[in-house]
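Here are my notes, written so that you can follow them with the model open beside you.

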Amino acid sequence: MTRSPQCFGSHGLRRSLPFLAVEGGGDAVETGWPRRGQYPAAQLSPGPTRRRRGELPRDLGTLFAPLVEAALHHGTMRVEVAGRFSSWGWRYEFMRVRLAGEAAGRRLMRLGFFAGLHGDEPAGCLALVRWLVGLAADPARAAGYEITVYPVCNPTGFEDGTRTNRAGKDLNREFWQRSAEPEVRLIEREIEQRRFDGIISLHSDDTCEGIYGYAHGRLLNEALLVPALAAAAEFLPRDSRAVIDGFPAHDGVLAHCYPGVLAPPAEWDRHPFDVIFETPARAPLEAQVQATVAALDSILAEYRRFMAYADGI
Ligand SMILES: [Zn+2]
């Protein structure tokens, strides 16, 4: 999903294919990447085609560079290829980052973090990179967790600065609907295989007046989201309107959202917690990043507290 370290993407042999195709499938590809000397490498994808001046960053290699560097120095973190796909003749690698926190006397809780599903919302991508670099240096902050992060879920949209992918699809309306979009199929496969205990999606909204989030009407989600919003409110105001994004809201918490958003499949018996955190896209990017990092730290702390409480019952 970036077009630098050796990947993103080499000029595809599939240029003639009229559709996007997931390559491989099955188990995720473990490359052992990154290794010294492999970064930076040829950047052969079309790159940002609709870059808007003043917006940062649209270069996936630049975005991933701090993660690559951190993974070289901290054995607890790995940058991996989760899958590959082609888009209009260009090949992309879909990256995930895994970080194992210190053991905490019970099985590690598996959390999945997703950003950049809308390519024109870089704040979540930047926040995840900064957060991960911090966690790699201080794994005690991630104690008790196995953290899997997908910093850019829509690589072509990220490069192009567009909400949709290069095929023009809003990926966050496509989940669990037999989507043909390779990014969606890759993420669905990851969700099915990794059996997360919790899923956190990061977005930005250019119509809102502050931070808010979706709790999907579930108590645990709300119990995690409310303190996360409070922690983030140190950096950005909360959107306190009664209606946000067309849905009723209470103190920045929404119970309902659009169908087809990234979420666990509805038919699962065991339902992981599942929150969507939104920053105001018109706010300064740095404030959005800081607010998101604070929210992520809060979610780790609060869920750890719930688990400790549950263990004591
Ligand atoms: Zn979004």
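1. A working definition to start with: a residue is buried if 20 or more other C-beta atoms lie within 10 Å of its own, exposed if 12 or fewer, and partly exposed in between, with the C-beta atoms placed from the backbone. By that count arginine 178 is exposed, because 8 other C-beta atoms lie within 10 Å.

2. Two remarks on the source. The model is predicted, so local features need pLDDT of at least 70 and side-chain atom pairs count only at pLDDT 80 or more, while totals for chains, interfaces and linings use all residues. Residues are numbered from 1 along each chain as its sequence is written.

3. Now the chain as a whole. It has six helices and 11 strands; these are DSSP runs, numbered from the N terminus, with helices being H or I of at least four residues and strands being E of at least two. Of the 313 residues, 48% count as buried. Two residues are in contact if their C-beta atoms, placed from the backbone, lie within 7 Å. Among the contacts with a separation of 6 or more, 79% are between residues 24 or more positions apart.

4. Which residues touch the most other members of the largest nonpolar core? They are Leu128, Leu132 and Ala232, in a core of 85 residues. Such a core is a set of buried Ala, Val, Leu, Ile, Met, Phe, Trp, Tyr and Cys residues joined through C-beta atoms within 7 Å. H2 supplies the largest share of this core, 10 residues. Beyond its neighbours within four places in sequence, leucine 128 is in contact with Phe113, Ala115, Val149, Pro151 and Leu202.

5. Next, how H2 packs. Two packed helices are described by the angle between their axes and the distance between the axes. Here the axes are lines fitted to C-alpha atoms, for helices over the stretch in contact, and angles run from 0 to 180 degrees between N-to-C directions. For helix H1 (residues 60–73) and helix H2 (residues 122–137), the angle is about 15° and the axes are 9 Å apart. H1 and H2 are therefore roughly parallel to each other; angles under 35 degrees count as roughly parallel, over 145 as roughly antiparallel, 65 to 115 as roughly perpendicular and the rest as oblique.

6. H1 passes H2 in a left-handed crossing. A crossing is left-handed if the near helix is turned anticlockwise from the far one by less than a right angle, and right-handed if clockwise. On the H1 side the contact has Leu63, Pro66, Leu67 and Ala70, which meet Cys125, Val129, Leu132, Val133 and Ala136 of H2. By class, these residues are nine nonpolar, no polar and no charged. In this scheme Ala, Val, Leu, Ile, Met, Phe, Trp, Tyr, Cys and Pro count as nonpolar, Asp, Glu, Lys and Arg as charged, and the others, Gly among them, as polar.

7. H2 also packs against helix H6 (residues 285–312), at an angle of about 55° and with the axes 8 Å apart. That makes H2 oblique to H6. Their crossing is right-handed. H2 brings Ala123, Gly124, Leu126, Ala127, Arg130 and Trp131 to the contact, and H6 brings Leu285, Gln288, Val289, Thr292, Val293 and Leu296. The contact of H2 with H6 divides into eight nonpolar, three polar and one charged residues.

8. Please look at the loop between helix H3 (155–160) and helix H4 (182–194), where tryptophan 176 is placed. Tryptophan 176 has a positive phi of about 60° although it is not a glycine, and it counts as partly exposed because it has 17 C-beta neighbours inside 10 Å. Arginine 178 is in the loop between H3 and H4 too, and its phi is near 55°, a positive value in a residue other than glycine.

9. Setting aside residues within four places in sequence, methionine 109 is in contact with Gly144, Tyr145, Asp197, Tyr303 and Met307. Its C-alpha atom is 8.3 Å from that of glycine 198, 89 residues apart along the chain.
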